[in-house]
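User: Hi! Could you walk me through this one with me asking as we go?
Analyst: Happy to, here it is.

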Amino acid sequence: MQNSTIIPTEINFELKSKKFKSFRCQSDANSLNIVVKKKSINKLQIKNINIKENWNIGLIYGASGSGKTTLAKHLFGENIFNISLNEELPIIEQLPKEFSYDDCASILNGIGLNSVPCWIRPIKTLSNGQKARAEAAYLMCQSNMVCIDEWTSVVDRTVAKAMSVCINKFAKKHNKKIILLSCHYDILEWLQPDWLIDCNKQTFELPKSDDFFFNEREKLEFTIKEIGRESWKYFSKYHYLSELLPGGKIYLYGLFHNHNQIGFQCFANYTPHKTGTKIIYHSNRTVIHPDYNGLGLGIKLINETSRILKQKIDCRIMAKFSSIPVFKAMKKQQEWVFLGEKRLMGKMKTGGNMIRRGGFREGGVKTFNFEYNGIR
């Protein structure tokens with residue numbers, strides 16, 4: 001779809017469904033004295049459509065059968081839903097060939113699909129939420145203005161809110177124009193669209209103020225519990241580095257929404273303890289289920305579990321990351337002190353006269369090191 005599409009200021013059309021004249025259908029209609037011809041037509045008339053030039057998110061809302069898809073085609077062109085995503089291939093293989101790896105990573109991270117293993121698995125193996133994000137990323141590469149049908153219709157409602165926050169941030173950051181079609185009204189305050197067409201009420205609305213059609217976002221409640229090793233088998237497939245938990249003494253925590261575990265956090269002591277010094281635990285294996293990306297839960301999980309562990313035992317807590325977005329987020333955290341770009345946690349004897357001077361990743365990937373600054 002081209003950005004030069006002329007958007008009509010008024011829509012007036014009829015949706016007609018096929019009329020079946022079988023004995024059962026006619027008997028059913030006669031039992032309630034229904035006029036089949038009238039009930040097979042849905043008229044949609046929306047006036048005063050005034051979509052401004054500078055916008056990022058538009059929402060077409062309505063119940064199933066209310067005319068959302070047909071309306072979108074009337075407004076933005078018949079080809080707006082053309083998509084050739086191959087579910088047999090990984091998403092990263094389907095982004096434009098002229099895009100560098102860094103370009104692809106930026107788009108996938110920006111849309112909230114920031115679990116690297118999800119990038120390289122066939123799309124058909126992803127969850128509904130992950131597929132929706134992959135499709136959105138694919139569409140973003142095709143045009144500056146895209147339309148996504150059935151937004152969040154097949155996912156958990158908390159996942160829907162996380163996805164909506166994420167796509168709002170992405171659209172504004174990259175100045176994309178995104179039209180979303182949805183039959184759910186509960187995403188409105190999370191999505192915060194620049195305009196809304198309600199096919200149920202047959203109205204077009206612009207926000208007259210920041211809270212014109214937004215309620216205050218509900219408070220989503222998450223809990224943290226100390227856990228065993230069992231759930232790592234599930235969360236390891238979303239971790240970019242290792243399928244194994246570290247050796248030595250470890251503390252494990254899970255992040256839960258209701259009774260559903262959606263996050264995993266590990267602290268491991270793999271630095272030899274010297275007499276007269278505090279024992280060191282390293283924060284690692286932080287995983288948030290990809291469906292819940294967009295709410296900033298990863299950094300919150302690291303902070304809160306570090307606080308819990310610090311209260312539990314008198315120790316130093318270290319963390320290192322190779323992800324630039326995580327590094328930038330951690331730099332903003334008052335609880336953490338940035339130590340530099342090298343491994344600053346000392347030398348470790350590995351047997352005989354050999355000394356390990358750096359971490360496993362230092363050979364080719366820059367890592368950013370932090371130390372927890374204490375309890376808030």
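**Helix 6 and beyond**

Analyst: Let's start with helix 6, whose buried residues are Gly-129, Gln-130, Arg-133, Ala-134, Ala-136, Ala-137, Tyr-138, Leu-139 and Met-140. Buried means under 20% relative accessible area, exposed over 50% and partly exposed in between, with a 1.4 Å probe and protein chains only. Helices (H or I, at least four residues) and strands (E, at least two) are DSSP runs, numbered from the N terminus.

User: Before we go on, what am I looking at?
Analyst: This is a predicted model, where local features need pLDDT of at least 70 and side-chain atom pairs count only at pLDDT 80 or more, while totals for chains, interfaces and linings use all residues. Residues are numbered from 1 along each chain as its sequence is written, and side-chain values use heavy atoms, with hydrogens and water left out.

User: Which elements do the buried residues of helix 6 pack against?
Analyst: They pack against helix 4 (101-110), helix 5 (116-119), strand 4 (145-148), helix 7 (157-174) and strand 5 (177-182). Contact here means heavy atoms within 4.5 Å.

User: And what should the 13 residues of helix 6 span?
Analyst: At 1.5 Å a residue, residues 128-140 should span 18 Å, and the end C-alpha atoms are 18 Å apart, which agrees. The expected span is 1.5 Å times one less than the number of residues.

User: Switching to the sheet: what's the strand order?
Analyst: The order is 4-5-3-6-7, in an open sheet of five strands with mixed pairing. Two strands pair if DSSP finds at least two bridges between them.

User: Which strands stand at the edges?
Analyst: Strand 4 and strand 7 (203-205) do; each has a single partner strand, so one side of each is left without a neighbour in the sheet.

User: How do strand 6 and strand 7 pair?
Analyst: Strand 6 (residues 195-198) pairs with strand 7 in the antiparallel sense, over three bridges. Asp-198 has Thr-203 of strand 7 as its bridge partner.

User: Now Leu-188: buried or exposed?
Analyst: Leu-188 is buried, at a relative accessible area of 2%. This residue lies in helix 8 (residues 188-191) and touches Leu-59, Pro-193, Phe-213 and Phe-214, not counting residues up to four places away in sequence.

User: How many residues apart in sequence are Leu-188 and Phe-213?
Analyst: They are 25 residues apart in sequence, and 7.7 Å apart in space, C-alpha to C-alpha.

User: Last one: where does Ser-236 lie?
Analyst: Ser-236 lies in the loop between helix 9 (232-235) and strand 9 (249-257). Ser-236 is buried, with a relative accessible area of 11%, and touches Ser-242 and Glu-243, leaving out residues up to four places away in sequence.
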